[in-house]
Amino acid sequence: MPYTTSDSAPPLFTWEFAADPYPAYTWLREHSPVRRTTLPSGVEAWLITRYADARQALADARLSKNPAHHSAGAHAKGRVGIPGERSADLMTHLLNIDPPDHTRLRRLVSKAFTPRRIAEFAPRVQELTDRLIDGFSARGEADLIHEFAFPLPIYAICDLLGVPPEDQDDFRDWAGLMLHSSGGGPRTPRGRERGSRGGVARSVKKMRAYLAELIHRKRADLGDDLISGLIRASDHGEHLTENEAAAMAFILLFAGFETTVNLVGNGAYALLRHPVQRGLFQGALRRGDDSLLATAVEELLRYDGPVELATWRFATEPLTIGGQVIEPGDPVLVVLAAADRDPERFTAPDTLDLARSDNPHLGFGHGIHYCLGAPLARLEAQTALSTLFTRLPDLQLAANPDELRWRGGLIMRGLRELPVCFTREGS
Ligand code: HEM
């Protein structure tokens, strides 16, 4: 429901807001586009909601990614809400550092995480997708988050990194607990442990120990996987240290996991809620027209993307955004979901238009921290959504949309569950 008064700010970060934040973002863009807000954690931050301001902020070198620049007291210093952030050795990763360290690490990882490696991975993503659909296609109903969107990226990134198949279910369990920590995730298949702070800390610790051991083993026996690529990558004779390689593997897992769960989940949900657009999508798939598939995934990223807010930035000197002065030490959060619905940049921004061609959305960010995993994310989402709607053509939502629960995390936007029904395959 749109907000009608111009003088009272809508409530943010409530459960109603989580279900549909877009009316509140419209209000902010129109009335208070650079707004100082107290977050549920008690930390104060500037929320940036207009497209032009968002682009400027994402590329502004005066906004540091290093939490040490946060002016808040010692209790908040350095805490940005990423699982594992207390584990200092895992935190020297791309999303927490600035040039020149960022430039060096990004260049090194880019040598291993190449678009070519991702393209070669396409048949494996297709195989994983089909195997997951095989798991529920004869049943006539499924929870698409728990049975499809959640396992796909975990198995995909484990395969890419070179985690042996017999260890991948451990990763699935650890990832399930980490998802709980961001506002509730699916059940872990091999246990009922909730995402308590202790449980998440234990998962991160286990994952860290496992990755250190794996890197150690691979160093002695280099293969064709991404971890071996990270170990091999060098720049002017400089290599990643074992700690840096472990932190890199961890951020690839972390940054590529919940985002992909939500891209597939939010994407499938948007298609199910827009029958005309869904009809065009399925029509193009039947004709083998892949051009709509590519624009469709970009539009799903814009319309209801997985990353609602970009990660934290901190002013290192006074700067002005949208006419507002930001003081050194102030935290800044760029609201990608609001910027991507800005009518100043997008025609009919609240309309889902899968064929939209002028679509420079900020769903993957912008500037030097632009998503490193974008080619993998696109591959996974295109494969998952096209296979799902081809194999189960009459897929339908099996719940009232008002009853679906959204996760309440600050950065990510995604459903806790997505119940669907369909005609059983083979019947
Ligand atoms: C599925 C959809 C995905 C979305 C919407 C997404 C979105 C984003 C965004 C918005 C950023 C920039 C954050 C900021 O500037 O604060 C980012 C950075 C990053 N993403 Fe993704 N991501 C996705 C998938 C992936 C995947 C699959 C991987 C890797 C396996 C990945 C790895 C990374 C990394 C390493 C960074 C940090 C880059 C840097 O700081 O230089 N992402 N992503």
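Colleague: Which helices each supply at least two residues of the shell around the ligand?

Modeller: In this predicted model, those helices are α12, spanning 242–273, and α16, spanning 374–391. The shell as a whole is made of 27 residues, and the closest to the ligand are Gly256, Gly365, Cys371, Gly373 and Ala377. Of the elements that contribute, α12 gives the most, with seven residues.

Colleague: Which residues have the most contacts inside the largest nonpolar core?

Modeller: A nonpolar core is read as a set of buried residues joined through C-beta atoms within 7 Å. The largest one here has 79 residues, and Ala249 and Val264 are those with the most contacts inside it. Helix α12 gives the most to this core, with 18 residues. Apart from it lies another core, of 31 residues, which includes Val43, Ile321, Val332 and Ala337.

Colleague: Which residues is Val264 in contact with, leaving aside its neighbours within four places in sequence?

Modeller: With those neighbours set aside, Val264 is in contact with Phe148, Ala149 and Leu152, and also with Ala381, Ala384 and Leu385.

Colleague: Turning to helix packing, at what angle do α13 and α14 pack, and how far apart are their axes?

Modeller: The angle is taken between the N-to-C directions of the two helices, on a scale from 0 to 180 degrees. Helix α13, residues 275–287, and helix α14, residues 290–304, pack at about 145°, with 8 Å between their axes, and α13 passes α14 in a left-handed crossing. On the α13 side the contact is made by Leu280, Phe281 and Ala284, and on the α14 side by Leu292, Leu293 and Ala296. By class, this contact comprises six nonpolar residues, no polar and no charged ones.

Colleague: Is the crossing of α6 and α8 left-handed or right-handed?

Modeller: The crossing of α6 and α8 is right-handed. The axes of α6, residues 122–134, and α8, residues 151–161, come within 10 Å and cross at roughly 145°. From α6, the residues Arg124, Val125, Leu128, Thr129 and Leu132 meet Pro151, Leu152, Tyr155, Ala156 and Asp159 of α8. This contact has seven nonpolar residues, one polar residue and two charged residues.

Colleague: How far apart in space are Arg55 and Gly367?

Modeller: From C-alpha to C-alpha, Arg55 and Gly367 are 8.2 Å apart, while 312 residues separate them in sequence. Arg55 lies in helix α3, residues 51–58, and it touches Leu362 and His366 when residues up to four places away in sequence are not counted. Arg55 is partly exposed, with 18 other C-beta atoms within 10 Å.

Colleague: Let us end with the backbone. Where is Ala348 found, and is Ala348 buried or exposed?

Modeller: Ala348 is found in the loop between α15, residues 336–339, and α16, and it is exposed because 9 other C-beta atoms lie within 10 Å. Its phi is positive, at about 45°, although Ala348 is not a glycine. Phe13, in the segment before α1, has a positive phi near 65° and is likewise a residue other than glycine.

Colleague: Which peptide bond is cis?

Modeller: The peptide bond from Pro99 to Pro100 is cis, with omega near 5°, and Pro100 lies in the loop between β3 and α4.

Note on methods. Residues numbered from 1 in each chain as written. Predicted model: local features only at pLDDT ≥ 70, side-chain atom pairs only at ≥ 80, totals over all residues. Near = placed C-beta within 6 Å. Helix = DSSP H or I, 4+ residues; strand = E, 2+ residues; numbered from the N terminus. Buried ≥ 20, exposed ≤ 12 C-beta atoms within 10 Å, placed from the backbone. Contact = placed C-beta atoms within 7 Å. Left-handed = near helix turned anticlockwise from the far one by under 90°. Nonpolar A, V, L, I, M, F, W, Y, C, P; charged D, E, K, R; others polar.
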